[in-house]
Amino acid sequence: MSRKVRGRQRLLTDYLSEQEHLNKASAELLELLVDIVNATTRGGESEYMLAKRLNHVLSSDRGEGKSLRDAFTRLCDFCCAGFITSLRAKYPELSYNERSICGMMVIGLEPGAICRICGYENEQTFYNKRKEIRRKFELDRAVQLESFLREWIARLRRERSLRIGLLLP
């Protein structure tokens, strides 16, 4: 094998190792945040305190929103291969609120936690929003919304891997 080929193999191996560590750390952080929010929303901690703690972890200099919903939306977009950005491009009729709900669902937040974050009085409002999202996606009754969203994320990750040359077409 030539030096050039060995050098490229080493670069690819190093890149994959970095990506694996980054993906593992992101997944662990996401799982921890979801567990914390699910537990504390059952325990009655205020949205303001949750938003303050979460935004401290996810602080951004870009002047983005400072609510808990904004933090989870950014986290989902980062961890799920640009999922929220992709939703906005493909379904412009989805409101910011509906995109946020999709993001919070795919990262594993429970309906009660999503209601608390969005400020809904009861879970029926969440289910009404969910029904509206299904209508905008034009999903058959047989297709579960969560499965549809997870398949979308898997497709985004595959496309990204193809773009950077990690997978063969």
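**View 1. Contacts of Glu98 in the predicted model.** Apart from neighbours within four places in sequence, Glu98 is in contact (heavy atoms within 4.5 Å) with Glu93, Glu132, Ile133 and Lys136. Glu98 sits in helix α5; helices are DSSP runs of H or I with at least four residues, numbered from the N terminus. With a relative accessible area of 5%, Glu98 is buried. Buried means under 20% relative accessible area, exposed over 50%, and partly exposed in between, using a 1.4 Å probe and protein chains only.

This is a predicted model: local features need pLDDT of at least 70, side-chain atom pairs count only at pLDDT 80 or more, and totals for chains, interfaces and linings use all residues. Residues are numbered from 1 along each chain as its sequence is written, and side-chain values use heavy atoms, leaving out hydrogens and water.

**View 2. The largest nonpolar core.** A nonpolar core is a set of buried Ala, Val, Leu, Ile, Met, Phe, Trp, Tyr and Cys residues joined through side-chain atoms within 4.5 Å. The largest one has 38 residues; Phe83, Leu87, Phe137 and Leu149 touch the most other members. Helices α1, α3, α4, α5, α6, α7 and α8 each supply at least two residues of this core. Helix α8 gives the largest share, six residues.

**View 3. Around Leu87.** Beyond neighbours within four places in sequence, Leu87 is in contact with Pro92, Leu94, Arg99, Cys102, Phe137 and Trp152.

View 4. The structure holds zero disulfides (pairs of cysteine sulfur atoms within 2.5 Å). Cys102 is buried at 0% relative accessibility. Its closest cysteine sulfur, in Cys76, is 8.9 Å away, too far for a bond. Cys115 is buried at 4%. The closest cysteine sulfur to that of Cys115 is in Cys118, at 7.3 Å, so too far for a bond.
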